[in-house]
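Here's a quick tour of one structure, with a look at its strands and its aromatic rings. Have a glance at the model first.

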Amino acid sequence: LTLDDRTGDLASFRSGGREWIQTPNRPRALFHFVLRDKNTGARRDLTALDGARPEITVSGSGDARCVSLVFRTLGGVTGLDARVTARCPERGTMTYWRFALENPTGDLLDFVDFPVIVTPDRLRGSGGDETLFWPGLDGAEVEDSSNPHYQPIEYPTHGIQGIYPGSCPMQ
C-alpha cells in the first residue's frame with residue numbers, strides 16, 4: 001500500500017504480484033462528499049483535494065500498521081476536517097478503512113464516496129482474466145465495465161436505486 005503524500009490518494013496497492021490501482025494522469029481525491037444547505041438545499045461538492053495537504057502518520061508494528069490521514073480546512077472552512085484511517089494487518093488479504101468528518105457548518109451531509117479507487121481494466125469483457133463483485137442489491141459479478149447497469153451512480157437519485165439507505169441487502 002502506497003499513498004501519494006501530496007493528495008492522500010492511493011498511489012499503489014500490490015497483492016498477489018499484481019498492481020490493483022490505476023495510475024492517475026492527474027491528482028485524484030481519496031474521497032468526495034456533498035453538503036446540502038439545510039434551508040435552501042443548495043449543493044456543495046468537496047473532495048480530499050479541497051483542503052490543506054494531508055497530515056499522514058503511520059503507527060503500529062508487528063501484527064498490523066495503521067495509517068492516519070487528516071485533511072483540514074476543506075473548502076476553506078475552518079474546522080471542516082476529514083480523518084481517514086486504514087488498518088493494514090501483516091497477515092491476510094484485507095485492509096480496514098474508516099472515514100470521519102467534522103462538520104461545523106450546520107449543513108447536511110448528503111452522501112460520501114469513499115474510498116475513491118480506480119482499478120486497471122483487466123475484466124474479461126476487455127480481454128483480461130478478472131471479474132469484479134458489485135455488492136448492489138442481490139450482488140453481481142461484473143465482467144464488462146461498459147454494461148450500463150454498472151456505471152457510477154448519479155446524485156441525487158430519482159426513483160429506485162439500490163444504494164444505502166435504500167434496498168441494499170449485500171451491505
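Which ring does the charged end of Arg 122 sit over?

## A charge over a ring

That would be Trp 20: the charged end of Arg 122 is 5.0 Å from the centre of its ring. For a charge to sit over a ring, NZ of Lys or CZ of Arg has to be within 6 Å of the ring centre and within 35 degrees of the ring normal.

Some ground rules: this is a predicted model, where local features need pLDDT of at least 70, side-chain atom pairs count only at pLDDT 80 or more, and totals for chains, interfaces and linings use all residues. Residues are numbered from 1 along each chain as its sequence is written, and side-chain values use heavy atoms, with hydrogens and water left out.

## A three-stranded sheet

Strands β6, β5 and β11 make up an open sheet in the order β6-β5-β11, with antiparallel pairing. At the edges are β6 (43-47) and β11 (108-113), each of which pairs on one side only. From one strand to the next, the twist averages 20°; axes here are lines fitted to C-alpha atoms (for helices over the stretch in contact), and angles run from 0 to 180 degrees between N-to-C directions.

Strand β5 (residues 32-36) is joined to β6 by five bridges, and Val 34 has Asp 45 in β6 as its bridge partner. Two strands pair if DSSP finds at least two bridges between them. Strands (E, at least two residues) and helices (H or I, at least four) are DSSP runs numbered from the N terminus.

## Aromatic pairs

Across the whole structure, a search turns up six aromatic pairs. Rings of Phe, Tyr and Trp (its six-membered ring) pair if their centres lie within 6.5 Å; planes under 30 degrees apart count as stacked, over 60 as edge-to-face and the rest as tilted. Trp 97 and Phe 114 are edge-to-face, because their planes are at 65°, with ring centres 6.4 Å apart. Trp 97 lies in strand β10 (residues 96-102) and Phe 114 in the loop between β11 and β12 (132-134), so this pair ties together parts 17 residues apart in sequence.

Phe 114 also pairs with Phe 99: the centres are 5.4 Å apart and the planes at 40°, so that pair is tilted. Ring pairs link Phe 31, Phe 33, Phe 71, Trp 97, Phe 99 and Phe 114 into a cluster.
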